[in-house]
Amino acid sequence: MTGPLANKIKRQLRMMLLDVVNFESCPKDMIIPVLEETLEELKNKGITPTLAILRVGANESDLAYERGAMKRCEKVGIEVKQILLAEDTTTEEVISAISA
């Protein structure tokens, strides 16, 4: 896909890269090829597109969401970094994990 519309879409995708896990309502036949191309461009520049998932505890609905996000990221070539903390983790420990 080339042209002004493609460039606009690429810019928007770059700005919303972390939101990729929620693209259920977007036309996938258009978004995924552009996203894959954008990810390839980033990788060629030495940038590794990565989604960080920080989970505190093991709530089943959180686990299901996390699995879905990881599957979608894998499909388009985005790496996933999981940060798993115990349910009794303090606010300070969460902040420390985010800062690391």
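Student: Is Arg 55 buried or exposed?

Tutor: Arg 55 is buried, because its relative accessible area is 13%. Buried means under 20% relative accessible area, exposed means over 50%, and partly exposed is in between (1.4 Å probe, protein chains only). Keep in mind that this is a predicted model, where local features need pLDDT of at least 70, side-chain atom pairs count only at pLDDT 80 or more, and totals for chains, interfaces and linings use all residues. Residues are numbered from 1 along each chain as its sequence is written, and side-chain values use heavy atoms, with hydrogens and water left out.

Student: Where is Arg 55 found?

Tutor: In strand β1, which covers residues 50-56. Helices (H or I, at least four residues) and strands (E, at least two) are DSSP runs, numbered from the N terminus.

Student: Which residue forms a salt bridge with Arg 55?

Tutor: Glu 66 does, and the closest N and O atoms are 2.5 Å apart. Glu 66 lies in helix α3 and Arg 55 in strand β1, so the pair ties together parts that are 11 residues apart in sequence. The cut-off for a salt bridge is a side-chain nitrogen of Lys or Arg within 4 Å of a carboxyl oxygen of Asp or Glu.

Student: How many salt bridges are there in the whole structure?

Tutor: The search finds 2. Besides the Arg 55 pair, Glu 60 forms a salt bridge with Arg 67, with 3.1 Å between the closest N and O atoms.

Student: Back to Arg 55. What does it touch, leaving out residues up to four places away in sequence?

Tutor: Asp 62, Leu 63, Glu 66, Ile 83, Leu 84 and Leu 85. Contact here means heavy atoms within 4.5 Å. There's also a polar atom of the Arg 55 side chain 2.8 Å from the backbone oxygen of Gly 57. A polar contact is a pair of N or O atoms within 3.5 Å; within protein, one must be able to donate a hydrogen and the other to accept it, and residues adjacent in sequence count only if both atoms are side-chain atoms.

Student: And Glu 66, buried or exposed?

Tutor: Buried, because its relative accessible area is 6%. Leaving aside neighbours within four places in sequence, Glu 66 is in contact with Ile 53, Arg 55, Gln 82 and Leu 84. The C-alpha atoms of Glu 66 and Gln 82 are separated by 9.3 Å, and these residues are 16 apart along the chain.

Student: OK, zooming out. What pattern does the protein follow along the sequence?

Tutor: α-α-β-α-β-α, with 4 helices and 2 strands. Of the 100 residues, 31% are buried. Among contacts with a separation of 6 or more, 67% come from residues 24 or more positions apart.

Student: Which residues are in the largest nonpolar core?

Tutor: There are 9: Ile 32, Leu 35, Leu 39, Leu 51, Ile 53, Ala 69, Cys 73, Val 76 and Ile 78. The elements giving two or more residues to this core are α2 (28-44), β1 and α3. A nonpolar core is a set of buried Ala, Val, Leu, Ile, Met, Phe, Trp, Tyr and Cys residues joined through side-chain atoms within 4.5 Å. In soluble globular proteins, nonpolar side chains tend to be buried together.

Student: What about Glu 36, where is that?

Tutor: In helix α2. Glu 36 is partly exposed, because its relative accessible area is 36%. Not counting residues up to four places away in sequence, Glu 36 touches Lys 75 and Val 76.

Student: Last topic, the surface. Which residues make the nonpolar patch?

Tutor: Leu 54, Val 56 and Ile 98 make a nonpolar surface patch of about 240 Å². Val 56 counts as partly exposed, because its relative accessibility is 34%. Patches are made of residues with over 30% relative accessible area and no salt bridge: like charges are joined within 9 Å, nonpolar side chains (Val, Leu, Ile, Met, Phe, Trp, Tyr) within 5 Å. Accessible areas come from the Shrake-Rupley method with a 1.4 Å probe, and for residues only the protein chains shown count as cover.
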